[in-house]
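Dear colleague,

I am passing on a structure that you have not worked with before, and I would be grateful if you could look through it with the notes below at hand. They go through it part by part.

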Amino acid sequence: MTAPAALHMADVRYRWHRRAPWAINLPVLTLAAGEHVFLAGPSGSGKSTLLALIAGIAAPQAGQITVLGERLTSLSGARRDCFRAEHLGIIFQQFNLLPYLSVLDNVLLPCRFSRRRRQQAIERDGSPEAQATRLLGRLGLAADDVLRRPVTALSVGQQQRVAAARALMGAPGLVIADEPTSALDADRRAEFVTLLVQECQAASAALLFVSHDLSLASRFQRSVSLPDINALSPPAALASSGPHTQGAATEHSTLPGSHGSRP
Amino acid sequence: MTVLKLARASLWNRRTTAVLVVCSIALSVALLLGVERVRTEARQSFANTLSGVDLIVGARSGPINLLLYSVFRMGDPTANVSWASYETLREHPRVAWAVPLSLGDSHRGFPVLGTTAEYFEHYRYRQGEPLALASGRIFDDVFDAVLGAEVARKLGYREGQRIVLAHGTGAISLTHHDDKPFRVVGILAPTGTPVDNTVHISLAGMEALHIDWRGGAPLPGYRVGAEQARDMNLTPSSVTAVMLGLTSRRAVFQMQREINTRRDEALQAILPGLTLQQLWDMMRVGEQALLAVSALVAVVALTVMLTALLTGLNERRREMALLRALGARPWQIFALVLGESLVLSLAGALLGVLLLQALAWGASGWLGGQLGMTLQLWPPTWREAALLAGLIGGGVLAGLWPAWRAYRNALVDGMTIRM
């Protein structure tokens, strides 16, 4: 394989503060270049923390994270911020858009933060605006009135598609989607995932898709369960059950929608 | 550059709050600078009430008392200065000129000053500005009167108006000198000093009014008509005070001592500028309190801004997390919030200055006419610049708190969007 792996994590450990138990204890996780992986994990299994580590917003206490051939763990915080701007596309669960920008300006944001992505958009489509329009069109948001509408007037499904277009701007090597479908109706979810996978394919971007909705997993090349790979140490008081089931049990007890990234 | 554009769009999105914050800062700036300016101007115009007069001589009492009755026509003299003393002073080798002042009568509440034509020549206010006539001429005849601007305006008098003076200084007087009416021959231009409220007559006129009086009351059965009085000796036996101009200002302290230690008559001499300063110092507490209150208002305005920024921060948490995900650094988030506090403070300060300037411009006629103040705001004085800088600095300082919180959030939240 000539292109470097989209993601390689080895022996990564992370906790929020020194007294806290490990939130992430990951022996290994790898994404090949352009690979589309479904990462399954109930709320509170450390998904958000894992994504923060991959995006370089948080730095692990131990282990190595390599994204697109760049070893994040040896970069400074500022360099990681810069790397994120240049190489990653990120889609959140909801509220992805800045309410004071138009749809088009929201999609163009990555090109404002990264010269490289701007350059790549120009190379591919002639101008960032042309690429934004093309991506929006492919995601079913071609109509001119959609582009000019305030983003707050869009439906949630439309907002998520705009977010997907933004994540794909300027050919990022890796797209991270953090439960992007959880705010969508069931029949819209499959449609959104199909579009997203298809566009990542077209842009030859690797995709790490995190969700607890296992029905979507079949659309990906590979599926990984976070509780299975994240070897969480059991809290001492509840040491009777195994580490994995223990992790799952605590996660299920958390309220849905709350982020239990801080135990 | 990018972050700046986003900051602008974000602020525009929250413009209602921003405008309210800017307005509250602007009002506090206008108040703070207005109080400071009026305070300085008031002190200045107070100190400028009288200039070019080296000494004021009156009966021995207290310096402030002498200043109050001779210049501000407030209070009463304890005693008079004899005509002989006046003449001695006038003939003194160090004295360039001596203008007698005779007080005690009034016209419809306005004090009447008996003096000589030299008064109009030597009285100076502001930076040595002489009195000017708005119309007519100064008094010439015994029964001529020259009105201050305010007297003429309030009473609606013009030249040729006949007026009757009253004995005593109250607004309502029981004894009128209605046997000897005066004629208005001139009206002075406004000065913003007590001169505006004074009716000026000649010393001879003052004496003529009282020629048939003894001991503060008309002599029973003795009446001297106006025309009769003209032919009599109208040199007064005493005056209330004397304004002196010296040949050399350097002699002023020596001359003062000489007058204060005279044995033939208990007189005192004061330096008007110095005594004006003393008088103003007595009012300093009030002045400081005013400034303190307006400083407090500025603090309140900055608190309003702080509240708005902190409240906004909760709403903007997802905005910050998005910016982070797009590659914004934590310090950029910090700068974003801090910059906003700077922009709000600057805009507030600017608007406040403009507001005050507009107010000053709108009220300039009234201020000039009523108080003799000129509210010229540009260029600002050092103190005003310091106050403005202090306010903007305070705004930025207040912005440090929300900025630091946003910075912390940016680090802690990671990519999670907390609601």
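**What was found**

In chain B, strand β1 (residues 55-59) is joined by four bridges to strand β17 (residues 267-270), and the two run antiparallel. Within that pairing, B:I56 stands opposite B:I270 of β17(B). On another pairing of β1(B), again antiparallel and again over four bridges, the partner is strand β16 (residues 241-246) of chain B, where B:I56 has B:M243 opposite. Five of the five residues of β1(B) are buried, so the strand is largely enclosed by the rest of the structure.

Please keep in mind while reading that this is a predicted model. For chain A the mean pLDDT is 79, with 87% of the residues reaching 70 or more. Some care is needed over residues 235-263 of chain A, where pLDDT stays under 50, although the model has 41 contacts beyond four places in sequence for that stretch.

To return to chain B as a whole, it holds 15 helices and 17 strands, and of its 419 residues 42% count as buried. If one takes the contacts in chain B between residues at least 6 apart in sequence, 79% of them join residues at least 24 apart.

Another strand of chain B that deserves a look is β12 (residues 199-202), from which B:V199 and B:I201 point one way while B:H200 and B:S202 point the other way, all of them being buried. Strand β4 (residues 110-115) of chain B runs parallel to β12(B) and is joined to it by four bridges, with B:G114 opposite B:I201. Strand β8 (residues 144-147) of chain B, by contrast, pairs with β12(B) in the antiparallel sense over three bridges, and there B:A145 has B:I201 as its bridge partner.

The UniProt record, an unreviewed entry, annotates residues 289-313, 333-361 and 381-401 of chain B as "transmembrane region". Residues 381-401 of chain B are 95% helix and 0% strand, with 31 Å between the end C-alpha atoms.

In chain A, you will find an open sheet of five strands in the order β6-β7-β8-β3-β9, with parallel pairing. Its edge strands are β6 (88-91) and β9 (222-225) of chain A, each of which pairs on one side only, and the twist from one strand to the next averages 15°. Inside this sheet, strand β3 (residues 36-40) of chain A is joined by five bridges to strand β8 (residues 206-211) of chain A, the two running parallel, and A:V37 has A:L208 of β8(A) as its bridge partner. Helix α7 (residues 156-168) of chain A packs on the sheet, where it touches β6 and β7 (174-178) of chain A, and its direction makes about 170° with that of β6(A).

With best wishes

Technical notes. Residues numbered from 1 in each chain as written. Chains lettered and ligands numbered in written order. Predicted model: local features only at pLDDT ≥ 70, side-chain atom pairs only at ≥ 80, totals over all residues. pLDDT = per-residue confidence, 0-100. Contact = placed C-beta atoms within 7 Å. UniProt positions renumbered as here; feature names shortened; annotations may be inferred. Buried ≥ 20, exposed ≤ 12 C-beta atoms within 10 Å, placed from the backbone. Pairing = 2+ DSSP bridges. Axes fitted to C-alpha atoms, helices over the stretch in contact; angles between N-to-C directions.
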